[in-house]
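Me: I have just opened this one and would like a friendly walk through it. Could you take my questions one at a time?

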Amino acid sequence: MEDFEPIIIAFVCNWCTYTAADLAGTSRLIYPKNVRLIRVMCTGMVDPQYVIKAFLEGADAVLVSGCHPGDCHYINGNYKARRRIKLLKEILPQFGFEPERLRLTWIGASDSGAGCPDQGAGAKRGQIENGNLIVICHLSFGTCFDQK
Ligand code: FES
């Protein structure tokens with residue numbers, strides 16, 4: 001089980017988290033190859049169907065990440081995303097998926113990963129506890145602002 005590499009689908013906002021990933025790349029930071037980034041214009045446009053489809057098609061975990069509260073380029077998209085993720089976590093068990101496999105984070109455009117304790121080779125890619133995936137990666141960029 002130690003070799004388990006979860007496939008993580010990350011829906012990232014174009015203006016903040018994707019830009020942070022780009023900055024990490026230009027700063028030559030390495031982020032885990034088992035994370036598949038899907039760029040969206042705003043976390044507010046991540047339809048719950050996208051998340052459920054990702055799980056149904058084999059994702060071990062799904063991350064939704066965007067601008068910090070108050071920084072959304074479409075004013076309140078990230079607040080909408082936060083409400084949707086909360087509701088999604090409640091209905092995921094009905095589809096047979098643990099809600100811990102879905103996470104929402106805020107990673108700003110300038111959060112390149114400097115100072116992140118999980119940055120680099122030690123980046124968390126997912127952690128197995130009692131047979132369940134309980135921690136979704138911190139992508140190794142960003143400064144680990146988790147939104148519970
Ligand atoms: S534009 Fe980034 S979350 Fe809305």
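**A guided tour, starting with a helix**

Me: How many residues does H3 have, and what span does the model give it from its first C-alpha to its last?
Reply: This is a predicted model, so what follows describes the prediction. H3 has 15 residues. At 1.5 Å a residue the expected reach is 21 Å, and the model comes close to it, with a span of 21 Å.

Me: Which residues of H3 are buried, and where do they lie around the helix?
Reply: The buried residues of H3 are Gly77, Asn78, Ala81, Ile85 and Leu88. Seen down the helix axis, the buried residues of H3 fall within an arc of 80 degrees, so they line one face of the helix.

Me: Which residues are exposed on the other side of H3?
Reply: The buried side of H3 includes Ala81 and Ile85. On the other side, the exposed residues are Arg83, Leu87 and Glu90.

Me: What pattern does the chain follow along the sequence?
Reply: The chain has 3 helices and 7 strands. Read along the sequence, they follow the pattern β-α-β-α-β-α-β-β-β-β.

Me: Which residue in S4 is the bridge partner of Ser65?
Reply: S3 and S4 pair in the parallel sense over 5 bridges. S4 is mostly covered, with 5 of its 5 residues buried. Leu102, Leu104 and Trp106 point one way from S4, while Arg103 and Thr105 point the other way. The bridge partner of Ser65 is Thr105.

Me: Which element gives the most to the largest nonpolar core?
Reply: The largest nonpolar core has 33 residues, and those with the most contacts inside it are Ile8, Ala10, Cys13, Val62 and Val64. At least two residues come from each of S1, H1 (17-26), S2, H2, S3, H3 and S4. The element that gives the most, with 6 residues, is S1.

Me: What covers the buried residues of H1?
Reply: The buried residues of H1 are Thr17, Tyr18, Thr19, Ala20, Ala21 and Ala24. What covers them includes S1, S2 and S3.

Me: Why does Ile75 count as exposed, and what is its phi?
Reply: Ile75 sits in the loop between S3 and H3. Ile75 has 11 other C-beta atoms within 10 Å, and a residue is exposed if there are 12 or fewer, so Ile75 counts as exposed. Its phi is positive, in a residue other than glycine, with a value near 70 degrees.

Me: What share of the contacts with a separation of 6 or more joins residues 24 or more positions apart?
Reply: The chain has 148 residues, of which 41% count as buried. Among the contacts with a separation of 6 or more, the share from residues 24 or more positions apart is 76%.

Me: Where does pLDDT stay under 50?
Reply: The mean pLDDT of the chain is 78, and 72% of its residues reach 70 or more. Where pLDDT is low, the predicted coordinates should not be read in detail. The stretches under 50 include residues 115-138 and residues 140-148.

Methods:
Residues numbered from 1 in each chain as written. Predicted model: local features only at pLDDT ≥ 70, side-chain atom pairs only at ≥ 80, totals over all residues. Helix = DSSP H or I, 4+ residues; strand = E, 2+ residues; numbered from the N terminus. Buried ≥ 20, exposed ≤ 12 C-beta atoms within 10 Å, placed from the backbone. pLDDT = per-residue confidence, 0-100. Contact = placed C-beta atoms within 7 Å. Expected span 1.5 Å × (residues − 1). Arc of directions from axis to C-beta. Core = buried A, V, L, I, M, F, W, Y, C linked by C-beta atoms within 7 Å. Pairing = 2+ DSSP bridges.
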